[in-house]
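Please open the structure in your viewer and keep the sequence panel beside it. The stops below say what to select next and what to look for there.

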Amino acid sequence: MPILSCTIAVETLYNGGVVSRILPAARRGEGATTQTLLLCGRQLRPLAGTDAHSGLELEPPLQLYADPAARDGEPAAARPPYLRTGEFWGPVWDPFSSAVYAVEGNAVVRLSSDNTMTVVAGKVEQSGSADGPGRAACFILTAYLTSDGAGSLYVTSGSRIRKLQLPGGWAGQEAPQLVPQAAAGVAPAAALAAVPSDPVGGEARDNRVAAAAAEDEVVVSTLPLEAAGPIRGLAFDGSGSNNIGTGRGSLLFSTATALYCLPLGDPAAAPSVVVGAQGEPGTADGRGADARFTSAFGIVMDGDGCVYMADWMDNETTSVRRVTANGVAITIVAGLEGCWGRPAILPNGCLTLCGSRRSAVHVLGLGLKPPGCHTAPPPIGPLPRTLPGDLGALLGRQPDGTTDVAIVVGGRTFHVHRALLSARCDYFQQRLGGSFTDGSAQQLDLPDADPEAFEVVLLFVYTGTVNIPVALAAGVAELADRLLLPELCEQAVALVEASVSACTVAGLLLWAEARSPAFAELLSRLKGWYVENHEAVVREAKEEVGLLMARNPQLFLELMLELPSKRPRTH
């Protein structure tokens, strides 16, 4: 069974990140679409197929323009190309202004839906540390961007964080235009209020206020925070559904060895350590200060409030570390050869990692929930009909009198369509075929099956796609294998593997070893994970290890025999 991961080769040595944006509908009644972009040096290249689980393809670079496209009713004119003078990196999608922002050289640029590129703050070829409006500001050592979705961007600058307050007139815009304040009719009061009285770079506050009042443009300020080391990742948490943030909105940022949370809204608030320890590198999983990181290179938050971090190891490999909503660090992928970083989450739930000094992007099928801001809004008017959508709706209406067989699973009865199940699933084709005893039966029983897992399987049979809850992944994998659905089994197995931790690996080993040969590759990878993280497993899951030794001494002996062959790490 193949691992759901792949590496996409690119032509540039440096890749500055991956971002997904929402493009408006081309015609009324159609839905908005999501497009994923890979920043390749001075190019932005679409990555096709990110709404599915196969067929990823890197497309030709976008043509970027210096002027916006003509609006409805305006005469079309030739659009001059945007002259790129620096490499792009650190992209972020901002739902407030419906635009992508990125760093180019020493400036922050904005990409609109019509591929107009505009410098909104700083100067591409001039570095510095000045706050102020638009291009009067200066940046140095910029690396990561994030958006709060409500009109503010944040960008790292060495060990500092700069705030970019967007003009209120940019809300919902589809093309980046620096419009005069009188035409916009929006006073930049919020932006001016955000400017600190003690500017970085020595500019007078009155000058910045006057400039911002003259034009509706970005205002740059510097947060009072100075991190204990260079900032290596930045994300915004506004969910309020976890213990990482405050619920009022927080910035999450990482240094090389620790993840911090900075509450927003209170100028006197100080950052607190979520996991890790500043200046104390290591590889241990655990809660809070018990966790250790070696060299973080980028963070991203998923739709469930978990943070994913790329962590460079001393042996020139990369691990993917997950920090759960309650502040527990777990290694979910280890031993990726080379240095990978700048993680991003695709619309299909895969995690991407950009190679450092490698001409490639690595994609891991972890089944993550994408951030809510990357969900395309519903279209205006009725949705176009699709076969999977219609069949899913048909299943959701049951029982409606159209079914001709019932399947009983764990005391629950599922009313289904015999012809559809026979066409879509080899198992049911065999059981419902005319030459078998069950061929004319109006009710079938599936003993020893989980009804909730079967509900997921049934939706996959009808529609060909399904979002598998992590809690049901093992049950779905087992049932999909039993019902001869290898594609669904692979998806569920990938989720099972992504959830492995020091506390769960022993139980997953027992589970996988008891399954059919279809789980042999998963079992082999779980064994490797156990051997690689043996010390953490023994430290954090002594009871589970004892259970593994008691229930399957032969498997435990195999694991112990592998330990001496593990290469020691060099520090």
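**Before you start**

This is a predicted model, in which local features need pLDDT of at least 70 and side-chain atom pairs count only at pLDDT 80 or more, while totals for chains, interfaces and linings use all residues. Residues are numbered from 1 along each chain as its sequence is written, and side-chain values use heavy atoms, with hydrogens and water left out.

**The whole chain**

Show the chain as a cartoon, and there are 14 helices and 29 strands to find; helices (H or I, at least four residues) and strands (E, at least two) are DSSP runs, numbered from the N terminus. Of the 571 residues, 52% count as buried, where buried means under 20% relative accessible area, exposed means over 50%, and partly exposed lies in between (1.4 Å probe, protein chains only). The accessible surface of the chain comes to about 25100 Å², and 53% of that surface belongs to carbon and sulfur atoms; such areas come from the Shrake-Rupley method with a 1.4 Å probe, and for residues only the protein chains shown count as cover. Among the contacts with a separation of 6 or more, 54% are made by residues 24 or more positions apart, a contact being heavy atoms within 4.5 Å.

Two strands are said to pair if DSSP finds at least two bridges between them, and in general the strands of a sheet pair through backbone hydrogen bonds, either parallel or antiparallel.

β2 and β3 pair over eight bridges, and Arg21 stands opposite Gln35 in β3. Four bridges then join β3 to β4, with Leu38 opposite Arg45 in β4. The hairpin of β3 and β4 has two residues between the strands, and Gly41 there takes a positive phi near 60°. Six of the eight residues of β3 are buried, so β3 is largely enclosed by the rest of the structure.

Which residues line the largest cavity? Select Val19, Leu37, Leu39, Leu44, Phe88, Val100, Ala102, Leu111 and Met117 to see its lining. About 50 Å³ of space lies in the cavity, and a search of the whole structure finds one cavity of 30 Å³ or more. A cavity here is a set of points, on a 1 Å grid over the protein atoms alone, where a 1.4 Å probe fits but cannot get out, and lining residues have an atom within 4 Å of a point; grid points are joined across faces, edges and corners, and a volume is the space filled by probe spheres set on the points.

**Strand β22 and its two partners**

Now move to residues 317-323, strand β22, where seven of the seven residues are buried. Thr317, Ser319, Arg321 and Val323 point one way from β22, while Thr318, Val320 and Arg322 point the other way. Six bridges join β22 to the antiparallel strand β21 (residues 307-312), and Val307 stands opposite Val323. Four residues lie between β21 and β22 in their hairpin, and Glu316 in the turn has a positive phi of about 65°. Six bridges also join β22 to the antiparallel strand β23 (residues 328-337), in which Thr331 is the bridge partner of Arg321.

**Two single residues**

Finish at Ala171, in the loop between β13 (160-165) and α1 (181-184), which is partly exposed with a relative accessible area of 43%.

Technical notes: On a 1 Å grid over the protein atoms alone, a cavity is a set of points where a 1.4 Å probe fits but cannot get out, and a pocket is an open set with protein on both sides within 12 Å along at least five of seven lines; lining residues have an atom within 4 Å of a point.
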